[in-house]
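Student: I have a few things to ask about this one. Can we go through it in pieces?
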Amino acid sequence: MAEPIALLGGGAIGQLLAALLARQGVEPVIIGRPGTSREVREHQLTRLDGKRFRHRLCHLPPESMAACQALLVTTKAYQAEQALTPLLPRLCPQTPIVLLHNGMGPQQRLAQRHPDKQWWAGTLTDGALREAPCSVRHTGLGQRFAGPLGEGGTLPQGLAAIGFEMDRNIHLRLWQKLAVNALINPLTALHRCRNGELTRPEFLEPLTRLSQELVQVAASQGVVLDAAQVLALGLTVAEATAANRSSMLSDIEAQRKTEIEAISGYVVTVARSAGLEAPAHHDNLQQVLALEAQSLG
Ligand code: KPL
């Protein structure tokens, strides 16, 4: 039998992927926090058609992690590096570690600090809602891509089985996803609005500025994007997810830390290192950090 796929992060996306894997006959295991105990729990997925799928899912502490065909990292961006630290010595050098969080920064830092590992990144646009600790609802069918951050490698069979497509230019896709998140997430958090409200005329100017700055910063890294296309992509996603609260708005409302540093913060840091300025992203960064500090008390 094929080796399991390990998932680090048992939130909505982690649970959705675990259930999709189990349905395809690929064994998923969830890696918990250090100090947790090994246990098998009953999980439930409510599928897009409303049907329920139940499966038993093994939760393991990091110290019990064994060989797997890939490790999928579905934590928040700011948790990824710390959560991975106890696992890295236990992973074979050939095992792909697929970073699926929003934003950028951890991918580049991890690949630089641990060049002996197989670093991959991915994006997925599925919607998922955690309805109870072991119950997740699939709320929107998305596209799923993964690709190596370095050279070579083949898509792990378990990922192909659940509809991930190989993307050899995953950097471009990460920038496109970063653009969508940098346009939508901070504004929805600051204005406490749903994604669809950003299609209102008063948001056109700030969204246009954010698109233009991001395209210049991307160009400094050799990534060619077009400002009009970035704006159109942001508006299309805002419209397609009109009724949703962005993850950043949800984090602020739930008084959690946000991923602002890996989103607007990444744009500002890269701009600075290239001798550029990104004032609109800088303002969003400062304002969301202030809001976060207020909500975290
Ligand atoms: O990824 C998202 C998020 O909320 O983090 C978007 C695409 C903005 C959908 O809400």
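Student: Leaving aside neighbours within four places in sequence, which residues is tyrosine 266 in contact with?

Tutor: Tyrosine 266 is in contact with Met104, Gly105, Gln108, Trp175, Leu178 and Glu261, where contact means heavy atoms within 4.5 Å. Bear in mind that this is a predicted model: local features need pLDDT of at least 70, side-chain atom pairs count only at pLDDT 80 or more, and totals for chains, interfaces and linings use all residues. Residues are numbered from 1 along each chain as its sequence is written, and side-chain values use heavy atoms, with hydrogens and water left out.

Student: How far apart are tyrosine 266 and methionine 104, in sequence and in space?

Tutor: They are 162 residues apart in sequence and 6.3 Å apart in space, C-alpha to C-alpha.

Student: And where is tyrosine 266, and is it buried or exposed?

Tutor: Tyrosine 266 is in helix 9; helices (H or I, at least four residues) and strands (E, at least two) are DSSP runs, numbered from the N terminus. Tyrosine 266 counts as buried because its relative accessibility is 13%. Buried means under 20% relative accessible area, exposed over 50%, and partly exposed in between, with a 1.4 Å probe and protein chains only.

Student: What about the rest of helix 9: how many of its residues are buried?

Tutor: Seven of its ten. They are Ser264, Gly265, Tyr266, Val267, Val268, Val270 and Ala271.

Student: Which helices do those pack against?

Tutor: The buried residues of helix 9 pack against helix 3, helix 5 (170-191), helix 6 (204-220) and helix 10. Just after helix 9 comes glycine 275, with a positive phi of about 75 degrees.

Student: Which lining residues are closest to its centre?

Tutor: Met104, Gly105, Pro106, Arg109 and Glu261, out of 16 lining residues. Helix 2 (77-84), helix 3 (106-113) and helix 9 (264-273) each supply at least two residues of that lining.

Student: How does the lining split by class?

Tutor: Six nonpolar, five polar and five charged. Here Ala, Val, Leu, Ile, Met, Phe, Trp, Tyr, Cys and Pro count as nonpolar, Asp, Glu, Lys and Arg as charged, and the others, Gly among them, as polar.

Student: Last one, helix 1. What span should it have, and how far apart are its ends?

Tutor: The twelve residues of helix 1 (residues 12-23) should span 16 Å at 1.5 Å a residue, and its end C-alpha atoms are 17 Å apart, which agrees. The expected span is 1.5 Å times one less than the number of residues. Helix 1 is mostly covered, with nine of its twelve residues buried, among them Ala12, Gly14 and Gln15. Glycine 25 follows helix 1 and has a positive phi, near 80 degrees.

Methods. On a 1 Å grid over the protein atoms alone, a cavity is a set of points where a 1.4 Å probe fits but cannot get out, and a pocket is an open set with protein on both sides within 12 Å along at least five of seven lines; lining residues have an atom within 4 Å of a point.
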